[in-house]
Amino acid sequence: LESMPRIENLILFNNDLRIIRKTLFINSSKIKTLDLSLNNLDEIEQGSFKHFHLSLITLRLNRNKFIRIRNFFFSNLTILLRLDLSMNKISSIEKNSFSDMNSLANLDLSDNCLFKLEFHLFDKLRNLVYLNLNKNLLKKLDLHVFINQKKLLELNVSDNLIDRFILNNSILSKLNTIDLSNNLFLEEFETNNLNLIYLNLN
């Protein structure tokens with residue numbers, strides 16, 4: 001990429017990439033959209049995205065082979081708006097993986113192997129509007145996971161194994177859409193005073 005320093009939209013899907021080296025984008029400081037989907041990626045070297053931390057808005061890493069998301073994968077991506085991690089094999093996300101992503105509005109983690117969300121995992125995602133957790137192995141959702149998601153409008157947790165779901169207006173004051181379809185029978189379900197316009201429990 002040394003000969004393309006002004007490129008803004010870079011599509012590298014379906015190239016059999018296995019690792020993102022920290023030198024790959026060294027002269028690509030203006031990239032706004034980066035599509036790395038449909039590869040065989042399972043690792044990102046620390047500092048790989050630092051060269052366009054003030055330009056990158058959309059990052060697609062869907063349909064790869066990530067099993068674990070590490071703390072340093074997305075360091076310095078402070079203006080990123082959209083992150084697609086769907087259709088991987090992610091079972092673990094380290095606590096500070098999203099700590100620099102203050103602007104993120106759309107996060108897609110669907111079709112992975114997540115069975116648990118650590119408390120405060122999304123704490124730094126204060127501008128998150130849409131969160132997709134469809135088709136994972138989640139068994140419950142608790143308030144502490146969403147403690148700072150004051151702007152969240154849509155939450156999709158369909159096709160999981162959830163039997164316990166407790167949220168309330170004091171945490172998610174703007175949430176208006178919840179998809180809980182195709183889960184286990186809910187033994188405990190509370191959405192205290194949420195301002196919902198769409199709720200799917202099928």
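**View 1. Phe-122 and its contacts in the predicted model.** Leaving aside neighbours within four places in sequence, Phe-122 is in contact (heavy atoms within 4.5 Å) with Phe-98, Leu-107, Leu-109, Leu-117, Leu-131, Val-145, Phe-146 and Gln-149. This is a predicted model: local features need pLDDT of at least 70, side-chain atom pairs count only at pLDDT 80 or more, and totals for chains, interfaces and linings use all residues. Residues are numbered from 1 along each chain as its sequence is written, and side-chain values use heavy atoms, with hydrogens and water left out.

**View 2. The largest nonpolar core.** A nonpolar core is a set of buried Ala, Val, Leu, Ile, Met, Phe, Trp, Tyr and Cys residues joined through side-chain atoms within 4.5 Å. Buried means under 20% relative accessible area, exposed over 50%, partly exposed in between (1.4 Å probe, protein chains only). The largest core holds 53 residues. Leu-59, Phe-74, Phe-122 and Leu-155 touch the most other members. In soluble globular proteins, nonpolar side chains tend to be buried together.

**View 3. The open parallel sheet.** Strands here are DSSP runs (E, at least two residues), numbered from the N terminus. Two of them pair if DSSP finds at least two bridges between them. 9 strands line up as S1-S3-S5-S7-S9-S10-S12-S14-S16, with parallel pairing. S1 (9-11) and S16 (198-200) stand at the edges; each has a single partner strand, so one side of each lacks a neighbour in the sheet.

**View 4. The S9-S10 pairing.** Strand S9 (residues 106-108) runs parallel to strand S10 (residues 130-132), and 3 bridges join them. Leu-107 has Leu-131 as its bridge partner in S10.

**View 5. Phe-74 stacked on Phe-98.** Rings of Phe, Tyr and Trp (its six-membered ring) pair if their centres lie within 6.5 Å; planes under 30 degrees apart count as stacked, over 60 as edge-to-face and the rest as tilted. The whole structure has 9 aromatic pairs. In one, the ring centres of Phe-74 and Phe-98 are 6.5 Å apart and the planes meet at 10°, so the pair is stacked. Phe-74 sits in the loop between S6 (68-69) and S7 (82-84), and Phe-98 in the loop between S8 (92-93) and S9, 24 residues apart. Both Phe-74 and Phe-98 are buried.

**View 6. Ser-97 in the S8-S9 loop.** Ser-97 lies in the loop between S8 and S9. Its relative accessibility is 2%, so Ser-97 counts as buried. A polar atom of the Ser-97 side chain lies 2.7 Å from the backbone oxygen of Glu-94. Not counting residues up to four places away in sequence, Ser-97 touches Ile-69, Arg-70, Asn-71 and Phe-74.

Technical notes: Helices (H or I, at least four residues) and strands (E, at least two) are DSSP runs, numbered from the N terminus. A polar contact is a pair of N or O atoms within 3.5 Å; within protein, one must be able to donate a hydrogen and the other to accept it, and residues adjacent in sequence count only if both atoms are side-chain atoms.
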